[in-house]
Amino acid sequence: MTLHDSSLSPGEELWDNSAELERRCRLGSEVTSLSRSFSTEKSEHNFRLSSNLRYVVCLFFSMYPDRERPWRMFAVSSTESFSMNLTDFRDNALLKLQVGGPFMTGMEGVPAQEYILIQVEQMVEIGSRRKRVQQILHNWTIPLHSKRNDQILTTRTFEMLAGAPISINVQASLLDNQVVPLSMTHQSLYVTVETQVVIAGVILAGVYVLIIFEIVHRTLAAMLGSLAALAALAFIGDRPNLKTVVEWIDYETLALLFGMMILVAIFSETGFFDYCAVKAYQVSRGRVWPMIIILCLIAAILSAFLDNVTTMMLFTPVTIRLCEVLNLDPRHVLIAEVIFTNIGGAATAVGDPPNVIIVSNQNLRKTGLDFAGFTGYMFLGICLVLLTSFPFLRMLYWNKKLYNKESSEIVELKHEILVWRQTAHRINPASREETAVKCLLMQKVLNLESLLRKQLRTFQRQISQEDKNWENIIQELQKKHRITDKVLLVKCVSVLSIVIFMFFLNSFVPGIHLELGWIAVLGALWLLILADIQDFEIILHRVEWATLLFFAALFVLMEALAQLQLIDYIGEQTALLIKAVPEAERLAIAIILVMWVSALASSLIDNIPFTATMIPVLINLSQDADVNLPVKPLIFALAMGACLGGNGTLIGASANVVCAGIAEQHGYGFSFMEFFRLGFPMMLMTCTIAMCYLLATHVGLGWNT
């Protein structure tokens, strides 16, 4: 679309005619006030609510300073120990110890012969008349690694009594007379673990309320939630400093998103997405549902080998353009694609981050869970899930109108009005020229709205559910939607092919010391040089900065909730429920419980920290002599639940958020509830099929070795 007003003659001087400029500015202000009047009235109460919330959170956050954590460096041996006394432990409820040393990363298959023993002792006087002294002793055993190379940090929290001094004693049990260097810091907290979990649950529920009811934008909701979580940490006495908060952000994921956004932005200039849309319509022979199934199947297959975010970045523009040329509503098609992307990502060990975390765990590898075995088992289960997902998706879409009710001309005109209005609202007039441009844009909106009203009055055409003249339409579409820049297309395809190939090598070849984020950023820089981009700001405007900021705030929020013991509490309660089940039904109940807890938790919180937390819990549970459970069924249930649970809500998986962000930039954004109505039933169905598969193979067939 070009900035041109047909009512003006080519030679008219826009900037020198003050009367014309004044009239346009007045028209622009009137249109702006009309377009914003309803949204202002609707969001006035929500703005006050979010403003009050920000004031309360900022007050709590500023009342408590950063807690200094001085590290003590010392060494222990078989004959020498280390002791320290804490006399300032007064009104606190918890003692948080963090120890660094050459420890094992988890529980090994054989008991460790060398270990560090930390004893936390507290002498408390009890009784009002006859005072007696009671000893409270906590023992913490940390196994040592046979090689003293890596320094591993481990943390544990102890419940203490207020007012009594604490003595900490560190001893070593070694096979020789070597010295083990250690470092330790302590933190005193004011509230109990249960209270921290309640606070974390309230914060998480508040974030979901803000997103579900669209009180504020989801990016602002995540930022408010992360700030509230940091304020809660400050309230309990564990406020992190700014450096620590910044370290919580997963910059590799942000780099991957940024690099792929640049690549897709340049790629879209070639007309390749329009060409692919026409080809998809041609393969489906003009039928909508075969076309949707083909798109979903291709997305599922690609996401099994690529990152889900990368898959949706490539598929979302193609799908939007395809729906535009066929007069379809892109929202429902995009939701179906992203659902199958999350399903397909669970099929292999490299398709989804939880699977990567599971396969890369050294302790699980020692139990025989290798790359090939994990991929083979998950691939078979996901194939069964896919076979049942397509009919269920058709049932969910049975009464949904995929076609737009109006003609394609009216739909395109409405979308054009929306894009022009969004463009005008993004301009903050700081000069006379910018004011004039904004007025011109609003005049354009006014003219288009007048044209839309005329077309609506004369519209009597009905849209058929299946186009019979699809061959003629394909010929017209092929003439209209072609490759516009073949040279740029060759450059884009070459760079993108190399980037995807490097993604594969990174997963299978350990000698490549480039993470996914670095590969995407280097590919973007390479394509920017080859494409010879003159106006770099145009490309930067295509980057989803709101999506990147949302992910950054979400990383801080999830790490803060983990610091508030929420994820650990979920894992511990799951283990306690499994132990309470009779031994005869314990394996089946454990699979069901781990599966659904993982699915529901992954729908609400990020599945990456949840998976990393649950792995050692399940390993320790399987090695408990009183439980007597194999570890593989529990790990497979965790993988199925964590991957498939991402379809439960809009923020359950990264691919969901990226797809929604790109669709919103194109003017087809979908809300939390729109995704929830389709994604949550699909999550329930797919998890049920996966649960039946797990029970049939592990309980029925005994595939536990």
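Here are some questions and answers on how labels are assigned in this structure.

This is a predicted model, in which local features need pLDDT of at least 70 and side-chain atom pairs count only at pLDDT 80 or more, while totals for chains, interfaces and linings use all residues. Residues are numbered from 1 along each chain as its sequence is written, and side-chain values use heavy atoms, with hydrogens and water left out.

Q: What makes β3 and β6 a pair of strands?
A: Two strands pair if DSSP finds at least two bridges between them. Strand β3 (residues 94–101) and β6 are joined by eight bridges in the antiparallel sense, so they meet that rule.

Q: Why is the pair of F267 and F272 called stacked?
A: Rings of Phe, Tyr and Trp (its six-membered ring) pair if their centres lie within 6.5 Å; planes under 30 degrees apart count as stacked, over 60 as edge-to-face and the rest as tilted. Here the centres are 5.0 Å apart and the planes at 10°, so the pair is stacked.

Q: How do you know whether F267 is buried or exposed?
A: Buried means under 20% relative accessible area, exposed over 50%, and partly exposed in between (1.4 Å probe, protein chains only). With 6%, F267 is buried, whereas F272, at 23%, counts as partly exposed.

Methods
Helices (H or I, at least four residues) and strands (E, at least two) are DSSP runs, numbered from the N terminus.
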